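Please look over the sequence and the structure shown below before reading the notes on how the chains are built and how they meet.

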Amino acid sequence: MGIWDPTHECMPREELEQLQLERLQATLHRVYKNVSCYRTKFKEAGIVPEDAQSLADLRNLPFTTKEDLRLNYPYGMFAVPLREVVRIHSSSGTTGKPTVVGYTRNDIKTWSNLVARFMTAAGVTHDDVVQIAFGYGMFTGAFGLHYGAEAIGASVIPMGAGNTEKQIMIMQDYKSTVLVGTPSYAITLADRMERMGIDPKGLSLRVGLFGGEPWSEAMRREIESRLCISATDNYGLSEIIGPGVAGDCEHKNGMHVFEDAFIPEIIDPDTCQVLPPGNVGELVLTTLTKEAFPMIRYRTRDITSLDYGVCACGRTVVRMKKTMGRSDDMLIIKGVNVFPSQIEEALVAIEGCEPHYQLVVDRKGALDVIEVRIEVTENIFFDEMKMQRAFLERVEKRIESVIGVGVTVRLVEPNSIPRHEGKASRVIDLRKM
Amino acid sequence: MELLKVKNINTYYGQVHALKNVSLHLVRGEIVTLIGANGAGKTTILNSLSAVSPPRSGEIIFDGAPISALSADRIVELGISQVPEGRQVFKPLSVEENLELGAYLRFRHREKRSEIRKDMEEIFSLFPRLLERRRQMAGTLSGGEQQMLAIGRALMARPKLLLLDEPSMGLAPLVIQEIFAVIETLRRDRGTTILLVEQNARAALKMADRGYVLETGKVILEGESAELLENKEVQRAYLGREKKEIWER
């Protein structure tokens, strides 16, 4: 597989760190001068930009949170005058109200190239036909992948989200080779093809670029086998730039974070202390090349870990694990941290189990209980109650062994769990806190 | 490969804090330009690197070795030559004598005269106008010729890194083109790495690979030249587009 920007993706660490330091210092001077929110935050912390003399000094700077973005709604966090902004996007609102972000002409160029990096890493070339099944509009996903594919020179089909049967028709007729969307939508597509009696082997699809929501390795395997493609993960969030922060290479052993443009840190979400490499915690990102909307230590709420080990692909930048969920999605069940994606992983691992599920968390007395609802399919429909009971026990055991907390599994009617063309909402928390 | 790495240098003129934690780097064979208003610290960076105004704190790594504590002549020996603002040629001396002075340290090290002679001939082939005037007093040269001489003198030390301070200052457009063409030749044919300070920011950015934008002794932007040319703040402040007007809530 090719490398889009070998200079920046394969830099020796020492040179990379020098570049990061230079860009960090410049960014700090600019936000201090141009964004009152940062000036206030720095002053409150008794810090001036000159205090950042090494990358390690980053940890002394205050965090930026979604709340800051809301308080400065809509344009308060912009570091350039509005007339220099050529694009306005909004966060997809995974949690709470949307927030507004802006791009200069240079930012759009930077963004396109960052996306081109992970698309190239996933195997996309100018010979590909890229079908984008993300929603256009305020969401950054579709535009980011669109620009990246164009930068590479691939042919872009700006399909947009939903309209599943038409997606499949276009996929067949236009001979799309690359699918872009959420992983749950890839499953929806596979389901629909199955129902329509379409064999994915007859399609031209070969690569999938999935993002926008956390998904498990088991789900990756399922998508790969059901759609007969290489399914790659990529990571980004609109507050930082949209897609383009990190992405899988052909080895799929963690997403390469484009460190010349972003500095990642992992913190303990409770104590806010920076954790040593390898530890699981909340990802915090600082932008190094953004003009309109620089972010200093933005708390992403996404849970992951960083691996500074060498990757066989030749890229020297750090890799981040698939996100395991969001720190605000993280369920604390009987004092144990549980991520819905862990349960999903357990479910997909059980043969014949479709990953259409929902978690219902409740409190009985002082005790947290978790119920996992799974849709019945032909595979798990049993005539004998005894066999059904045995199946449920097997699932319960499996989940318990993964998350360390007992759960109840219940079968529900087929198609009774709401499907989303966009992001799946898997958790219902009925506890009154 | 990085040729020069600067980390957090602070340089003072008496009480004046002229450079505040400046960090920058140059990759071998790169042309990098420094952009900023008068007094932003561009020349001070060059002077800090050449130890004309050594920094009070910070790190300068050149070709893998720290040089911030070295004297100016030692730095020339290691391969950094500066072409100062306003040329500063020795006016009563001939062109040849000026060039020989550029090789002063090589003479001191008893390098073969034939080697030095050969370099001088190369400089004459780079600047044929200097060859015509080799025995003429430097003070009688035109501004453009003096600039060529100043560059030639710096090259006589066989630098790996050339620091150029305002090479186009006060010159006619055609002469500027000539000087810029030579700078590009130096990089292309000799692989010389160049740090360029230039009043004409647009021309400098067109020639350079990357640039740093300075403001009151601080680096506020780093980027590839094409990006900086597109940056509205750079356009406003240094490329003479629109008037300065920082938007705030």
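## Basis of the model

This is a predicted model, in which local features need pLDDT of at least 70 and side-chain atom pairs count only at pLDDT 80 or more, while totals for chains, interfaces and linings use all residues. Residues are numbered from 1 along each chain as its sequence is written, and chains are lettered from A and ligands numbered from 1 in the order in which they are written.

## Domains of chain A

Chain A is divided into domain 1 (1-324) and domain 2 (331-429), with bounds that come from an automatic or database domain assignment. The C-alpha centres of these two domains of chain A lie 30 Å apart. Across the boundary, 19 residues of domain 1 of chain A are in contact with 12 residues of domain 2 of chain A, where contact requires C-beta atoms, placed from the backbone, to lie within 7 Å.

On the domain 1 side, α8 (183-196) and α9 (217-227) of chain A each supply at least two of the touching residues; helices here are DSSP runs of H or I with at least four residues, and strands are runs of E with at least two, numbered from the N terminus. That side of domain 1 of chain A has 8 nonpolar, 8 polar and 3 charged residues, with Ala, Val, Leu, Ile, Met, Phe, Trp, Tyr, Cys and Pro counted as nonpolar, Asp, Glu, Lys and Arg as charged, and the others, Gly among them, as polar.

## Nonpolar cores

A nonpolar core is a set of buried Ala, Val, Leu, Ile, Met, Phe, Trp, Tyr and Cys residues joined through C-beta atoms within 7 Å, and a residue is buried if 20 or more other C-beta atoms lie within 10 Å of its own. The largest nonpolar core has 109 residues, and A:Met119, A:Ile132, A:Val180, A:Val245, A:Val257 and A:Phe262 touch the most other members. Helix α5 (residues 105-122) of chain A gives the largest share of this core, 8 residues, and at least three residues come from each of domain 1 and domain 2 of chain A.

Leaving aside residues up to four places away in sequence, A:Phe262 touches A:Ile240, A:Val245, A:Val257, A:Leu285, A:Thr286, A:Thr287 and A:Leu288. A second, separate core of 68 residues includes A:Ala26, B:Ile31, B:Ile75 and B:Ile123.

## Sheets

In chain A, an open sheet of 3 strands has the order β10-β11-β12 with antiparallel pairing, two strands being paired if DSSP finds at least two bridges between them. Because β10 (262-267) and β12 (298-304) of chain A each have a single partner strand, they stand at the edges, and one side of each is left without a neighbour in the sheet. Strand β11 (residues 281-287) of chain A pairs with β12(A) over 4 bridges, and A:Gly281 stands opposite A:Thr304 in β12(A).

In chain B, 4 strands form an open antiparallel sheet in the order β2-β1-β4-β5, with β2 (16-27) and β5 (65-66) of chain B as the edge strands. Strand β4 (residues 57-62) of chain B is joined to β5(B) by 2 bridges, and B:Phe62 stands opposite B:Ala65. Helix α2 (residues 13-34) of chain A packs on this sheet, touching β1 (2-13) and β2 of chain B.

## Contact between the chains

In the interface, 23 residues of chain B are in contact with 22 residues of chain A. The elements of chain B that give two or more residues to its touching side are β1, β2, β10 (218-224), α10 (225-230) and α11 (232-238), and this side has 6 nonpolar, 5 polar and 12 charged residues.

Definitions and conventions. Buried ≥ 20, exposed ≤ 12 C-beta atoms within 10 Å, placed from the backbone. Contact = placed C-beta atoms within 7 Å. Axes fitted to C-alpha atoms, helices over the stretch in contact; angles between N-to-C directions.
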